[in-house]
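Please look through the sequence and the model below before reading on. The briefing that follows takes up a few places in turn, grouped by topic, so that each can be found again in the 3D view.

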Amino acid sequence: MSGAAVAASVSVAEKAHAADPFPVRLVLVHGRSQQGLNPVDLQSTWLETLRRGAAKINRSLPERLDVAFPYYGDKLDEFARKFDIPLTTDIQAKGSEVNSDFLNFQAEVADEMRSRAGITDSQVQEEFGTNPTPKGPQNWAWVQAIIRAIDKHAGGVSQRVIEDFMRDVYLYTTQPIVRDAIDDIVGGAVNEKPCVVIGHSLGSVVGYHVLRTDRRALKVQAYVTVGSPLAIRAVRDRFRPIAFPAPAKAWYNAFDPKDVVALYPLDAANFPVNPAVENYGNVRNATDNRHGIIGYLDDPDVARHVLDALGA
Amino acid sequence: MRRRDVLVGGLAWAHLIASRSARAQATAPVTRGAVIVGVNKTGHLPVLRAAVSAAKSVADWLDREQFKVVAILDDAAPVTANAVRQAVTDFVNQPSLTQLVVYFSGHGMSVGFNEYWLLSGAPDDPNEAVSLVECFELAHMSGIPNVVFISDACRSTSPDFNTSLIRGTLIFPNRPAAPGGGQTDVDRFLATGPGAASFEARVAADNYQAIYTTTFLDAFAHPNGEMVQTIGPDNVVPNYKLRDFLSKEVPRRLAKIDVKYVQYPDTRIESRDNIYIGHALNAAEPAPAVPPQPNATVLDVANYHIDRSSIGALSSIRKFDVKVLDQVALDSGFESAQKSVLKVQAVPKSNDPHQLNPVPADVRTGFSISGSKLRAALATGGARAEIISPGNGRDVPAVVRVLPPGPAVTVGLMFEDGSGTVVAALPEFIGTVTVEGGHVASVTYLPNVGTDLWHEYQDGQEQRLNELHALVATAAKYGVFRIEGAKEDKQKAGARLADKIRVLKSVDPTLGVYAAYAYADSDLIGQVQSVRSYVRGDLNVDLFDLALLANVLSGKPIDGRGDVVPFCPMLTQGWQLLRVKGVSLPAQVERARDDMRDALWTTFGPRGMELVFSAIQSTRGRNNG
């Protein structure tokens, strides 16, 4: 666990433990690309956004709130550099060797994104250009063309962000050493007292895995996911057989229908679990790429679910 | 499970059977699924009377056990491979599935160590069959925690029609397992042993029963106390508890109907002891005061001898009087097969020219062939394979020298009748090839005089290794060189085997190949990779079979010029894995497959051997003729 993570998650928890005035802890699990940032600042941003959302429905967060912000941004970045998995852009620019398993993963994720975003084969072919097309299995240039087409025609998430996102999800879901290290950080922020867990983007994947595998008697009043890629088959199938996380009393999933990372709802067709996940697909995420956390937590419906679960 | 679809010839007739709780089914994710196939009539083969009824019984039972069941039966229309594949694929695509049962009742057969379920259109249509061994492999990659195959079908070879073109269909999707994903345990309940028949029999005037299926269902209807386990609130019969029951009950019940027939089930369990298909439907019956004496099989013979060898037990041992086992070994041919391999192995004693030795001391790399005269030998690339002596097919072996003595190359050996084999010539090893009745029964690599390994063999290892070669080759021939048991037991047995196939810091190549197949069959992929790594370190090339089993050949060009030797599997059972592991052979070698014989080691008929020689020739360039 990084020093920053310790500072962010444990110091607040200790304070809470001493007085123990808080009935429910709020655990915030961030997504990718948070390396080098200050977890205290990040936590403040999340809470401030949530307060804005609460204000829209004339409610407010409890004045004293036990908050944990398990920060794994630097740890994930450290692993990403250590594994040095080449992105398709690297393959073109640096002549790196193709990691066929990662390429397959990217191809599957990209194609699902493309399909759901309504991007046509013609639009992908346009990005592929007039290169000779090998009549064989998947190749990196085609995958890259799909991602460029998504970049151009859907949501505003840049090619680089999509590729980085895929790499980080791939690292977390395929490398036990990465998964264990991040799970340790996030799991350490949850204890056997009642809590509400909010997971954003990759954080929703991490939160799901922690809640599915933790053997303690956790009491999760609600699991709230926003901008979650869990229903993308290539991601979902990493966790087969999927099931509702036993410690959670409820699971609420919110997404912007134009967020390319979260195009698929966690519903019976894409993420069949029992009881079913409550999906909310009317978020209008105001961030540039329709995926940022500050465009989710200020949504009135998201805020209402968090507040209800906190008993506020 | 609340809904049962009945597919007749691929059409859903869900309305035929009322759904018990269709409303609940519509929303609840599917966690347990079953595909039930029953085929009474296959092509022109004898029409069965109880395959469909047995399938219906299983479907009803699983329906009550809350499985979602898709039954595909031929009582109204032919059963197609496409319908079976679609049903299985639909279940594999369910991310919440924790267990999948695939049941088949109908005609089956074995061809070259692969096994097939024959559907309505077989054997005329070679695709209207299910390639079982390949499906075991694909099931391991399905991501479903437990896949159970129940096969009530024959596993015998069929001389009645041309089987060489049958490849069968893969009913599981070809989807590589997600790295980091969960593991799949594949449990196999096969009605009968390798090469043997499964029976349906008349039990009343107009009542035929599939003996195995009936017994299988009775394990849940009338379990004895030893079989029932309490898991949570449920009394269940775990998968691993079925093995002993089936192995005792099936032959006993068949013998009660007609003592002339025998049928010994073959059960392979990978799942842990808390995995089960069904509940104990009635209170457990006390175990009989005098338990029925199980019949000894070739598997018991092999397990007994492996246990007594330096390897030690690789599976649980059933206790039998040694005389009983000796009789089974004699009757089945196990003993004579073992002796024939043992007889032809001879490590060169020294380079003393006066010593009687079939292989001259100046042959550093080559082969000695017993059981057939040799007509021709050809090596890939720039190597030469010289016939020193063609042998006489009886007591004088043929001898081949490969020059230069390294690196390893592919060599084709054509026997007197035009049939032959393809083997790897390994530097400083003499390969001893044993031919029996036109089939290659064994290939054993022994170190040449003066090498470090040779000194080790001279230092007391020879007898041990010779005996192991013979025992393991014979067990493999009978399909019973296996590592079985709970996961931890298999890991331990696998590690022990790994220890025993090593000589000095190397791995005995012969035992390495056999062991790798046993590891792969038991899903011990780490051990396969270890063996491959050792052998590759010693020989500076990959042996085809080891690389294949270690999953490193997919997409790699195999042309006889690279660092994989030989250019095809040496053991026949490797051929059945080529498709699922994504491996392509040179075109002529692929075509030669249509003329393969049913032998332990790859053996081609004359037509196939011509193609193989042509493939070797193409690696040699114009001037090497």
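Helix α17 of chain B, residues 606–618, lies across the strands β18, β21 and β22 of chain B, and its direction makes an angle of about 150° with β21(B). This is a predicted model, and the points below should be read with that in mind.

**The sheet in chain B**
- The three strands form an open sheet in which the order is β18-β21-β22 of chain B, with antiparallel pairing.
- At the edges are β18 (374–379) and β22 (420–425) of chain B, each of which pairs on one side only.
- On average, neighbouring strands of this sheet are turned by 20° against each other, if direction is ignored.
- Five bridges join β18(B) to β21 of chain B (residues 409–415) in the antiparallel sense, and B:Phe415 in β21(B) is the bridge partner of B:Leu374.
- In general, strands of a sheet pair through backbone hydrogen bonds, either parallel or antiparallel.

**A strand pair in chain A**
- Strand β1 of chain A, residues 25–29, is mostly covered, since five of its five residues are buried.
- A:Arg25, A:Val27 and A:Val29 point one way from β1(A), while A:Leu26 and A:Leu28 point the other way, and all are buried.
- In a regular strand, side chains alternate between the two faces of the sheet.
- β1(A) pairs in the parallel sense with strand β2 of chain A (residues 66–68) over three bridges, and the bridge partner of A:Val27 in β2(A) is A:Ala68.

**Two crossing helices in chain A**
- The axes of helix α2 (residues 39–56) and helix α12 (residues 300–310) of chain A come within 8 Å and cross at roughly 100°, and α2(A) and α12(A) are therefore roughly perpendicular to each other.
- Where they meet, α2(A) contributes A:Leu50, A:Gly53, A:Ala54 and A:Lys56, and α12(A) contributes A:Pro300, A:Val302, A:Ala303, A:Val306 and A:Leu307.
- Sorted by class, this contact of α2(A) with α12(A) has seven nonpolar, one polar and one charged residues.

- Chain A is divided into domain 1, which covers 3–79 + 173–310, and domain 2, which covers 84–162.
- Twelve residues of domain 1 of chain A are in contact with 13 residues of domain 2 of chain A, and the domain 1 side consists of five nonpolar, two polar and five charged residues.
- Between the chains, 14 residues of chain B are in contact with 17 residues of chain A, and the chain B side has seven nonpolar, seven polar and no charged residues.

How values were computed:
Residues numbered from 1 in each chain as written. Chains lettered and ligands numbered in written order. Predicted model: local features only at pLDDT ≥ 70, side-chain atom pairs only at ≥ 80, totals over all residues. Pairing = 2+ DSSP bridges. Helix = DSSP H or I, 4+ residues; strand = E, 2+ residues; numbered from the N terminus. Axes fitted to C-alpha atoms, helices over the stretch in contact; angles between N-to-C directions. Contact = placed C-beta atoms within 7 Å. Domains from an automatic or database assignment. Nonpolar A, V, L, I, M, F, W, Y, C, P; charged D, E, K, R; others polar. Parallel < 35°, antiparallel > 145°, perpendicular 65-115°, else oblique. Buried ≥ 20, exposed ≤ 12 C-beta atoms within 10 Å, placed from the backbone.
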